[in-house]
Amino acid sequence: MADRDPTYQADCLFCRIVADEIPSDRVFEDGQVIVFRDINPRAPTHVLAIPRRHVRSAASLTHADGDLLAALFGALHWVARELGLDDYRIVSNVGAGAGQSVFHLHFHLLGGRPMTWPPG
Ligand code: 5GP
Ligand code: ZN
């Protein structure tokens, strides 16, 4: 398909969301990044910021991804402001043992309720 990113993986849920093969409730998108609402929110506001490009997890990032990371965090902070959040948490799970269930890099943005520490 013409609009698929060259790194598209057919067996990756978030690549399929990027390609619009699976619908998502997007709150931000640009040429590099999509931010959409989590299907199973764990806080009043719970969105996921992902790169359009397939990256397996935060552990796969290198210095060459500096621009991408700036775009991801810029989008997260823009969305937090847009959604009226002053305090929020940004989390990225790396590996199944840490809770990663989708192996396409994503940063969770959670807010709208008090947060406890440490996370479970
Ligand atoms: P992880 O467990 O990998 O850190 O986070 C994956 C997140 O993706 C979970 O919070 C889960 O609720 C969310 N998720 C899984 N499938 C879908 C989906 O089809 N659409 C959306 N919007 N979120 C999803
Ligand atoms: Zn992917």
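These notebook entries record what I looked up about two ligands in a predicted model.

**Entry 1: the zinc ion**

I began with the zinc ion (ligand 2) and asked which atoms coordinate it. I found the SG atoms of C12 and C15 together with the ND1 atoms of H54 and H104, at 2.1 to 2.3 Å. I then looked up the angles among the 4 donor atoms, which are 105 to 117°. The site of the zinc ion (ligand 2) is accordingly recorded as tetrahedral.

**Entry 2: the donors along the chain**

I next followed the donors along the chain and noted the spacing C-x2-C-x38-H-x49-H. The pair H54 and H104 links distant parts of the chain, as the two residues are 50 residues apart. I located H54 in the loop between β3 (45–51) and α2 (66–82). I located H104 in the loop between β4 (88–91) and β5 (107–111).

**Entry 3: ligand 1**

I turned to ligand 1 and asked how many residues surround it. There are 16, and the closest are D38, N93, G99, S101 and H108.

I then looked up individual contacts with ligand 1. A polar side-chain atom of N93 lies 2.8 Å from an oxygen atom of the ligand. For H108, I noted a polar side-chain atom 2.8 Å from an oxygen atom of ligand 1. R37 contributes a backbone N or O atom, which lies 2.9 Å from a nitrogen atom of ligand 1.

Finally, I recorded how much of ligand 1 the protein covers: 83% of the 530 Å² of accessible area that the ligand has on its own.

Methods:
Residues are numbered from 1 along each chain as its sequence is written. Chains are lettered from A and ligands numbered from 1 in the order in which they are written. This is a predicted model: local features need pLDDT of at least 70, side-chain atom pairs count only at pLDDT 80 or more; totals for chains, interfaces and linings use all residues. Side-chain values use heavy atoms; hydrogens and water are left out. Donors are N, O and S atoms within 2.8 Å of the metal (3.2 Å for Na, K and Ca); water is not among the atoms, so sites may look incomplete. Four donors count as tetrahedral if all angles lie between 85 and 135 degrees; four count as square planar and six as octahedral if opposite donors are over 155 degrees apart and all others between 65 and 115; anything else is irregular. Helices (H or I, at least four residues) and strands (E, at least two) are DSSP runs, numbered from the N terminus. A residue is near a molecule or strand if one of its heavy atoms lies within 4 Å of it. A polar contact is a pair of N or O atoms within 3.5 Å; within protein, one must be able to donate a hydrogen and the other to accept it, and residues adjacent in sequence count only if both atoms are side-chain atoms. Accessible areas come from the Shrake-Rupley method with a 1.4 Å probe; for residues, only the protein chains shown count as cover.
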